[in-house]
Each structure stands twice: as structure tokens, then as C-alpha cells.
Amino acid sequence: MPHVNRQWHKSYYYHITSRSNWKEPLFRSDDDFVYFLQLLDEANKKYPFQLVSYVLMKTHFHLLLFSNTQSYSNIMFLVKKKYATYFNKKYNTRGHLFEKRFFAKPASTLRTLLHMSRYIHFNPVEIHSVESPKDYPWSSYPLFIQSSENSLTPPYINFTPLLRSFTGTYHQRKMQYIQWCNTN
């Protein structure tokens, strides 16, 4: 059965997630996590996009992505294809690494964007991997806490959309976001 074309609206952020086949580890070592992040950087150079949140889990990943120039399908095709090639070569495996097509849900409101971001950042806490999202290294949350407006975060990371609901300086708005995440 052919795939139905996905709807892409260039004014929306999308919560994108993809799982490994058979719930096998998608990331077996720290090098695998690092390589996936490098692929995001590489994909951003070809298809400019922004991430406001991400988390890479053992068997899946979540991205909160925005692009007003390219469909998220093009971005995901590039990242997933290159990662699967890398993984199969490194671990001497064959076949499909990912379970099926990725899931994509639009965030049409700022409220939805905030809730999706919180869900992504707290995913490691929900599965009892860590006690706090700041303790999970393969997430944008530690970058969020450490970053300033002029920090050296990857060029595809943009936390500003998450802070639109809050007031004050950049730092004050970040602290309000963190407080909001911890109370909702």
C-alpha cells in the first residue's frame, strides 16, 4: 500500500518521533548519540531548520522541529537514511533499523509547543532513566539550562520560541520556563 503524502505547513513546529525496529537499541554507545547529533548539524546545512527541543533515547528519538523552507520529510529522510547506514555498517547488521515511518504532529499554538517541549524534555524522567531532565546528556534540556543568548549551542537549536510566553530578560524567561516545566 503506497504511503500517503504528509501535510506540511511551513508556519508550524512539528513533534517528530521515530522508533527502532523490535524495540532494539537505536543508540548502543555514546558515539552513536554523538553521530546522530552530527547528522542533525549536517542536515541543517542542507535543509535549514530549527529545533526547540530534542531528546535521543535508547530506542527512539523526539525532535520539535521547524522549517519554513523544507518539508520535515526531506530532513528526516536524510538523517534516518544516513544514521541507518552508519548503524548497519558499525554493528554489522542488515535491514530496516527504524520501525516504520516517523510520527509527526503539528504544534499549531504556543501552548501546544510548550507542552510538547516539556514532554520531550521530561521523557527520560518519565521512563525513570534520570531524576531530573538536566541529568540526561542526550537532550536539549542541559543546553537550555547552560545556554545564554550568545552561547555556543548548535546552530539548529533555537530556544526563543519556548520563551515567548514568559517575560523579563532572556535568563528570567528561561527560569520561568524551567519552573513551568516542573509544575505542569
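Guide: A salt bridge here is a side-chain nitrogen of Lys or Arg within 4 Å of a carboxyl oxygen of Asp or Glu, and a residue is called buried when its relative accessible area is under 20%. With those terms in hand, and bearing in mind that this is a predicted model, consider Lys80, which sits in helix H2, spanning residues 72–90. Lys80 is buried and yet has no salt bridge, since the nearest side chain of opposite charge, that of Glu99, is 8.9 Å away. What the side chain of Lys80 does reach is the backbone oxygen of Lys100, at 3.4 Å. Leaving out residues up to four places away in sequence, Lys80 touches Ser18, Phe61, Phe98, Lys100, Arg101 and Phe102.

Two of these neighbours lead further into the structure. Phe102 lies in the loop between H2 and strand E4 (103–107), and Phe102 counts as buried because its relative accessibility is 9%. Phe61, for its part, is also among the contacts of Leu56, which, with neighbours within four places in sequence set aside, include Phe27, Phe33, Phe36, Leu37, Tyr136 and Trp138 as well. Leu56 is in turn one of the residues that touch the most other members of the largest nonpolar core, a set of 59 residues, together with Leu40, Leu51, Tyr83 and Tyr177. The largest share of this core, 9 residues, comes from H2, the helix that also holds Lys80. In soluble globular proteins, nonpolar side chains tend to be buried together.

Technical notes
Residues numbered from 1 in each chain as written. Predicted model: local features only at pLDDT ≥ 70, side-chain atom pairs only at ≥ 80, totals over all residues. Heavy atoms only, no water. Helix = DSSP H or I, 4+ residues; strand = E, 2+ residues; numbered from the N terminus. Buried < 20%, exposed > 50% of the residue type's maximum accessible area, 1.4 Å probe, protein only. Lys, Arg positive; Asp, Glu negative; His and termini not counted. Polar contact = N/O pair within 3.5 Å; in protein donor to acceptor, adjacent residues only side chain to side chain. Contact = heavy atoms within 4.5 Å. Core = buried A, V, L, I, M, F, W, Y, C linked by side-chain atoms within 4.5 Å.
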